[in-house]
Amino acid sequence: MSADRKDPSRFSDASPFNPHLSRRMLMLGAAAAAAGATLGRWIPQAQAAVGGQLDIMTWEGYTLQSEAADWIKQHNLRVNASIMGSQDDVTAKLMGGGVRLDLSEYSNGYNELYKGLNLLKPIDVGQIPNYNPSDIITRFYDGDMWFWDGQRFGIPWTWGIDTIVYDPQSVSAPVTSFKDLLRPEFKGRLTFLDNPLTVWPLAAKVTGYGDKFPNVTRQELAEIWDQMLPYREQCRTFASSNGDVASLFVAREISACFCTWTAATLQTAKQGVKTEYVFPTEGGAVWADAWFIPATAVNTEAALAFINQALDPRVQAEMSRSVSSAVVNRKAVQYMDEATRSLFDYPRIDEVLQKSPLKGQPPRESEVYATYDDWLQAWASFRAGF
């Protein structure tokens, strides 16, 4: 994956599918890391008949074409993978009409949009034995982001946490709270990652509106960003990608990032600079992706079997190594490499996720609450005032 963000200028702010910035385009090199893995020998037999052509659309590095190569060949399955640069790429394809798509992903918060558009097929969990309440981390089993109207429409399979990352060698004391970033020593030494998906809920949390997010009034929205001004005054720059954040640390231009992926510590370490992530007293921001089967799907049985492979413990572990993300299958933890496993507090994972619950997106339209467009404008104004 590229460290550079997809150019957002090709989208209109007036679009009903306003971009939120691509998380995957903020990540680093996952496709290259995944290319050499071959996990076919680890994958159990699928429960449903598999074969034919499977058209999928997913993030770069998440196609499983290398990891499941033996399984794909064994079942004579032709996987036709399209790479998404943002969630809006998927939405546009689904809205285009007449386009075959057997399987894709949606990020947390997009369930409301897809629910309203009626673009998803119900999923038969009986065909996905790896998705069960014993093996799946509690917060990723059921839940209204994936289950509504008495049916399941999404299967979460990968997730992560964005939180404070800092350089312990450049500060006088450890960072344990977002409030610590207001210490004088961080003046001109702080950066924000330009990623609304995780910055927005954390800004709400830091300013006392975390329990209300994403449903805050327009007045509360104004108060959130007004209270965030002291953090902006500490800011040296706004980083456009996780790669930029790592580069700023390596160049010793910053001492902390308000929130970025925990794997930033691995990236700086590769370049000789030690950084640390911290789960502050206020908590972090969790993101998650779920597989779904579009209403246009033709090869549903293969799609279900493919999802099951994605949840296999060893496949989960290898995918986490490739893209520095977390696993949803508890059995996968034992197979993870130490560096990636250390990014997540698995012995306390239920507690961590309770403190940092998944959040959706602000509503696209509302007479009562600040909308997604309102948040975009407020965030743009916050950055422009820098």
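Is Leu77 buried or exposed? Leu77 is buried, because its relative accessible area is 6%. Buried means under 20% relative accessible area, exposed over 50%, and partly exposed in between, with a 1.4 Å probe and protein chains only. This is a predicted model, in which local features need pLDDT of at least 70, side-chain atom pairs count only at pLDDT 80 or more, and totals for chains, interfaces and linings use all residues. Residues are numbered from 1 along each chain as its sequence is written, and side-chain values use heavy atoms, with hydrogens and water left out.

Leu77 lies in strand β2 (residues 77-83). Leaving aside residues up to four places away in sequence, Leu77 touches Val50, Gly51, Gly52, Leu54, Trp71, Ile72, Asn299 and Ala302. A contact here means heavy atoms within 4.5 Å. Take Ala302: Leu77 and Ala302 are 225 residues apart in sequence, yet 8.1 Å apart in space, C-alpha to C-alpha.

Now step back to the whole chain. Among contacts between residues at least 6 apart in sequence, 76% join residues at least 24 apart. The protein has 14 helices and 12 strands. Both are DSSP runs numbered from the N terminus: helices are H or I with at least four residues, strands are E with at least two. Of the 386 residues, 58% are buried. The protein exposes about 14,900 Å², and carbon and sulfur atoms supply 49% of that area. The areas come from the Shrake-Rupley method with a 1.4 Å probe.

Helix α11 (residues 313-323) is mostly covered, with 9 of its 11 residues buried. Among them are Pro313, Val315, Met319 and Val323. At the start of α11, a side-chain oxygen of Asp312 comes within 3.0 Å of the backbone nitrogen of Arg314. Such a polar contact is a pair of N or O atoms within 3.5 Å; within protein, one must be able to donate a hydrogen and the other to accept it, and residues adjacent in sequence count only if both atoms are side-chain atoms. Ser324 follows α11, and its phi is positive, near 60°.

On a 1 Å grid over the protein atoms alone, a cavity is a set of points where a 1.4 Å probe fits but cannot get out; a pocket is an open set with protein on both sides within 12 Å along at least five of seven lines; lining residues have an atom within 4 Å of a point. Grid points are joined across faces, edges and corners, and a volume is the space filled by probe spheres set on the points.

The largest pocket holds about 350 Å³. It is lined by 14 residues, of which Gly109, Glu112, Gln361, Pro362 and Pro363 are closest to its centre.

How many cavities of 30 Å³ or more does the structure hold? The search finds 7. The largest cavity has about 90 Å³ of space. Of its 12 lining residues, Pro196, Leu197, Phe213, Gly360 and Gln361 are closest to the centre. Helix α5 (residues 196-206) gives the most to this lining, with 4 residues.

The second largest cavity has a volume of about 70 Å³. Its lining includes Pro201, Leu202, Lys205, Ala285 and Val286. The elements that give two or more residues to that lining are α5 and β11 (285-292). Here too α5 gives the most, with 3 residues.
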